[in-house]
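Please consult the sequence and the model shown below while reading.

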Amino acid sequence: MRYLMTTRPTDTAPDEKLYVEMGRFVEELTAAGVLLATGGLEPGGVLVSCAGGDITVTDGPFAEAKEAVAGFALIEVRSKEEAIELARRFRRIVGDGESVVQQVFGP
């Protein structure tokens with residue numbers, strides 16, 4: 001099963017220890033074949049919407065900074081519980097904040 005783990009931004013600036021711990025975590029998950037992709041996201045983005053056949057393109061940001069998604073990890077695991085445990089490990093490394101885990105459907 002694939003899961004998308006997203007995280008919201010925090011006011012805490014990363015330090016060298018965080019980079020080292022996250023590097024180890026990413027290497028471990030990559031070597032195990034669990035981590036498929038990871039990355040940070042720009043805070044703004046572009047909204048493309050359709051209403052009545054009319055396409056509108058609007059520059060962001062669209063949400064308050066604390067509600068935006070700052071980064072993601074796409075993982076492939078055996079169960080929802082395993083995905084949650086990886087999210088718990090991630091939060092222990094990065095500290096305070098919020099992450100969302102959602103199952104990805106499709107191939």
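## Basis of the model

The model is predicted, with local features requiring pLDDT of at least 70 and side-chain atom pairs counted only at pLDDT 80 or more, while totals for chains, interfaces and linings use all residues. Residues are numbered from 1 along each chain as its sequence is written, and side-chain values use heavy atoms, with hydrogens and water left out.

## Overall fold

The protein comprises 2 helices and 6 strands, arranged along the sequence as β-α-β-β-β-β-α-β. Helices (H or I, at least four residues) and strands (E, at least two) are DSSP runs numbered from the N terminus. Along the principal axes, the C-alpha atoms fill a box of roughly 45 × 35 × 20 Å.

Of the 107 residues, 21% are buried; buried means under 20% relative accessible area, exposed over 50% and partly exposed in between, with a 1.4 Å probe and protein chains only. Among contacts (heavy atoms within 4.5 Å) with a separation of 6 or more, 76% join residues 24 or more positions apart.

## Nonpolar core

A nonpolar core is a set of buried Ala, Val, Leu, Ile, Met, Phe, Trp, Tyr and Cys residues joined through side-chain atoms within 4.5 Å. The largest such core has 16 residues, and Phe25, Ile75, Val77 and Leu86 have the most contacts inside it. At least two residues each come from strand 1, helix 1, strand 5 and helix 2, with helix 2 giving the most, 5 residues. Beyond neighbours within four places in sequence, Phe25 contacts Leu86, Arg89, Phe90 and Ile93.

## Largest pocket

A pocket is an open set of points on a 1 Å grid over the protein atoms alone, where a 1.4 Å probe fits, with protein on both sides within 12 Å along at least five of seven lines; lining residues have an atom within 4 Å of a point. The largest pocket holds about 720 Å³ of space. It is lined by 33 residues, of which Thr7, Leu18, Met22, Phe90 and Val94 are the closest to its centre. Helix 1 provides the largest share of this lining, 8 residues.

## Thr7

Thr7 belongs to strand 1 and counts as buried because its relative accessibility is 16%. A polar atom of the Thr7 side chain lies 3.2 Å from the backbone oxygen of Glu98. Setting aside residues up to four places away in sequence, Thr7 touches residues including Ala68, Phe90, Arg91 and Ser99.

Methods. Grid points are joined across faces, edges and corners, and a volume is the space filled by probe spheres set on the points. A polar contact is a pair of N or O atoms within 3.5 Å; within protein, one must be able to donate a hydrogen and the other to accept it, and residues adjacent in sequence count only if both atoms are side-chain atoms.
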